[in-house]
Amino acid sequence: MRRIATYLATVGALSVAVTSGQQPSAPAGFTDAQVAAGRALYDGRCAGCHLPDLRGNNEAPALVGPSFSWRTRPPQDLVGFIQKAMPPGGPALSTDQALSVTAYILQANGGQAGAAAPQAAAQGDGGSAPRTGLTLPGEVPNFVPVTDAMLRNPPPGDWLMVRRNYQAWSHSPLTEITPANVGRLRLAWVWAMNEGGQSEPSPLVHDGIVYLINTGNIVQALDGRTGELIWEHHVGPETASTMRNIAIYEDKVFVATGDARLVALEARTGRLVWDVPLTSRNKGFTNSSGPVVIRGKVIQGLTGCARFQDDRCSISAYDAATGKPLWKFYTVAHRGERNGDTWGDVPDMFRKGGETWITGSYDPDLDLTFWGVAQAKPWVAASRNMKTSDRVLYTSSTVALRPDTGELAWFYQHSPGESLDLDEVYERVLVDAGPRKFVFTIGKPGILWRLDRTSGEFAGYKETVFQNVFDRIDLESGVPRYRAEIMNAKVTEWVSSCPSTEGGHNWHATSYHPGTGLLIIPLAQSCMELAGRKVEFVEGSGGTQGDRKFFEMPGTNGNIGKLAAYDVNTLREVWSVEQRAPFLTAALSTAGGLVFAGDLDRYFHAYDVRDGKEIWKIRLGTSVQGFPVSFTVGGKQYIAVSTGLGGGSPRNVPRTIAPDVRHPSTGNALYVFTLSE
């Protein structure tokens with residue numbers, strides 16, 4: 001096995017020389033002009049990960065405040081690091097640009113501008129005033145409102161929500177494209193998207209109109225037959241932030257923004273209807289996935305909850321017509337609340353994490369909505385001044401909520417006391433198998449969990465990739481037990497784990513193919529060592545606070561990517577495809593007998609759903625990333641997929657252990673295919 005242990009102290013992090021109690025300084029001073037240029041560059045190229053206030057989020061640590069790391073290194077090192085590695089997956093900054101961003105960070109940490117600049121300030125890039133509002137007016141012809149009945153049973157040619165239906169199947173009932181004719185797929189049109197940031201979109205399609213979310217919180221309506229732009233709205237802020245999906249209901253499109261707002265636009269014209277905050281403003285909260293709409297309620301999660309402060313993470317509901325707040329469920333229990341004792345004696349301000357950064361699913365018959373809750377923060381239990389035996393509810397759990405009230409019906413915790421940044425936050429897929437109603441989910445440990453969705457009772461599991469995090473999983477309760485090394489780990493002690501924070505599974509959603517009873521799951525195979533840092537327990541501190549080294553998973557022959565199918569009744573692996581390049585899209589299955597998936601090496605593949613045999617592929621402009629969808633216009637079937645950059649650990653880990661898989665650093669776009677005549 002080739003073991004590559006490149007040290008990523010803070011993946012995507014910037015650093016600066018700030019010694020305790022002293023102001024930072026640049027080699028030859030820096031100017032106000034450099035600071036201004038650096039701020040414009042930071043807002044456009046860096047704030048999507050590190051947040052507009054530099055306080056950091058998830059894998060992008062804070063650049064100011066008590067949690068700021070690398071305090072003893074000279075500013076020259078920062079300039080070199082920014083120019084070499086930032087932004088991850090995007091176009092590299094020039095020397096002048098890197099110097100300007102460094103100047104901005106120095107000033108944010110208390111540094112004062114000097115008389116001379118070390119180099120000329122950055123010119124032009126990112127300095128123009130942002131555009132906001134309706135930047136291209138237009139009108140969707142003959143718009144038909146989307147009803148509750150349509151959301152419950154989507155028209156075959158529409159794709160009305162992320163993963164297409166409430167049950168999160170990522171499956172199209174269309175049958176025109178089959179294994180016999182998929183070789184005739186040809187490009188119908190391509191739409192270049194906004195560059196910068198992390199692009200992972202899931203388009204919506206209604207009556208042949210494609211509604212698309214770009215990085216920078218830009219929403220567009222496109223003609224699904226020709227790719228013609230109908231209207232465009234810059235919701236703002238125009239930072240390089242991720243947004244996976246939007247929602248549509250009645251006459252509105254709903255957008256969650258990178259600064260934790262919820263916005264409603266007219267689906268017909270793109271005009272603003274309402275704009276409300278999800279939580280306190282300017283406290284580092286954000287979003288990377290959009291809402292689901294259930295009987296007139298827009299239900300939205302929240303992320304950016306790692307900072308020590310009074311506010312906490314939640315799932316909340318809003319009236320679709322007015323934006324009026326209706327209810328809020330907090331995903332981290334405080335003292336005096338149900339399960340508040342699972343955080344030990346830790347004060348409420350320091351109970352952090354519990355993000356809900358993947359959109360939930362919904363069972364209309366049970367009238368329950370199912371959401372995954374991310375891990376506690378900081379990542380390592382010892383960094384939280386806790387033990388893995390502290391369950392820290394409701395983190396690393398599935399929660400089932402009543403959509404009218406937000407009341408918790410049941411919860412199931414997959415990884416009590418999670419201590420390795422191995423999220424269980426991803427899609428909840430609802431499948432009936434015989435007389436039982438199940439919810440399936442899989443997270444970074446690569447364990448496929450099956451639960452009874454009426455009660456939350458454990459109903460089985462399957463290990464899909466090699467894992468050594470748990471040395472035992474109780475067959476009756478499903479409760480896992482960590483290896484002793486993980487349970488006993490102290491701050492700064494390195495602990496190895498397979499999988500890594502890339503995850504055995506990440507945000508690339510599972511597809512359920514009802515014709516075969518198969519769950520088709522994008523998986524990844526890599527390992528890591530992780531060490532937690534000592535954390536200062538003061539307001540404004542916190543964060544993820546972990547250092548990592550990545551290496552290849554034993555026994556995989558260097559194959560990071562895996563796409564595999566599992567029987568919902570037996571959990572048996574039916575087929576698998578393994579390759580060097582990781583898969584970076586959700587799986588899309590169709591009633592025509594196909595599974596589509598895209599990868600880091602720019603290939604978009606079609607496989608036979610029965611046996612996993614590859615029967616078609618095409619190479620696109622850059623890495624294929626996002627959520628493929630299928631739709632019809634005029635009775636003709638189309639397949640749409642995006643190419644994109646950025647994306648956290650699923651991109652950072654392969655960059656370290658598979659540098660031989662190369663792709664352009666630009667090329668965010670939507671590609672749409674159909675059968676040739």
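Me: Which 4 strands form the open sheet, and in what order?
Reply: The order is β4-β42-β41-β40, and the pairing is antiparallel. Strands here are DSSP runs of E with at least two residues, helices are H or I runs of at least four, and both are numbered from the N terminus. Two strands pair if DSSP finds at least two bridges between them.

Me: Which strands stand at the edges?
Reply: β4 (185-192) and β40 (629-633). Each has a single partner strand, so one side of each has no neighbour in the sheet.

Me: How much are neighbouring strands turned against each other?
Reply: By 30° on average, direction ignored. Axes are lines fitted to C-alpha atoms, for helices over the stretch in contact, and angles run from 0 to 180 degrees between N-to-C directions.

Me: How many bridges join β40 to β41?
Reply: There are 5, and β40 runs antiparallel to β41 (residues 636-643). Ser-630 stands opposite Ile-639 in β41.

Me: What kind of model is this, and how are residues numbered?
Reply: It is a predicted model: local features need pLDDT of at least 70, side-chain atom pairs count only at pLDDT 80 or more, and totals for chains, interfaces and linings use all residues. Residues are numbered from 1 along each chain as its sequence is written, and side-chain values use heavy atoms, with hydrogens and water left out.

Me: Overall picture next. How many helices and strands?
Reply: The protein has 7 helices and 42 strands. Of its 677 residues, 65% are buried. Buried means under 20% relative accessible area, exposed means over 50%, and partly exposed is in between (1.4 Å probe, protein chains only).

Me: What is the accessible surface of the protein?
Reply: About 22500 Å², with 49% of that belonging to carbon and sulfur atoms. Areas come from the Shrake-Rupley method with a 1.4 Å probe, and for residues only the protein chains shown count as cover.

Me: Which residues touch the most other members in the largest nonpolar core?
Reply: Tyr-211, Phe-254 and Val-399, in a core of 59 residues. A nonpolar core is a set of buried Ala, Val, Leu, Ile, Met, Phe, Trp, Tyr and Cys residues joined through side-chain atoms within 4.5 Å. A second, separate core has 34 residues, including Leu-368, Trp-410, Val-495 and Leu-530.

Me: What does β21 pair with?
Reply: β19 (residues 368-373) joins β21 through 5 bridges and runs antiparallel to it. Trp-371 has Val-399 as its bridge partner. β22 (residues 408-413) also pairs with β21 in the antiparallel sense, over 5 bridges. There, Leu-401 stands opposite Leu-408.

Me: How many residues lie between β21 and β22 in the hairpin?
Reply: There are 6. Gly-406 in the turn has a positive phi of about 80°.

Me: Switching to Glu-355. Buried or exposed?
Reply: Glu-355 counts as buried because its relative accessibility is 4%. It is in the loop between β17 (352-353) and β18 (361-363).

Me: What does the side chain of Glu-355 join in a polar contact of 2.6 Å?
Reply: The side chain of Lys-377. A polar contact is a pair of N or O atoms within 3.5 Å; within protein, one must be able to donate a hydrogen and the other to accept it, and residues adjacent in sequence count only if both atoms are side-chain atoms. A polar atom of the Glu-355 side chain also lies 3.1 Å from the backbone nitrogen of Cys-305.

Me: And what kind of peptide bond joins Lys-377 and Pro-378?
Reply: It is cis, with omega about -10°. Pro-378 lies in the loop between β20 (376-377) and β21 (397-401). Gly-236 to Pro-237 is also a cis peptide bond, with omega near -5°.

Me: What about the phi of Asn-217?
Reply: Asn-217 has a positive phi of about 60°, although it is not a glycine. Asn-217 counts as buried because its relative accessibility is 1%. Leu-571 has a positive phi too, about 65°.
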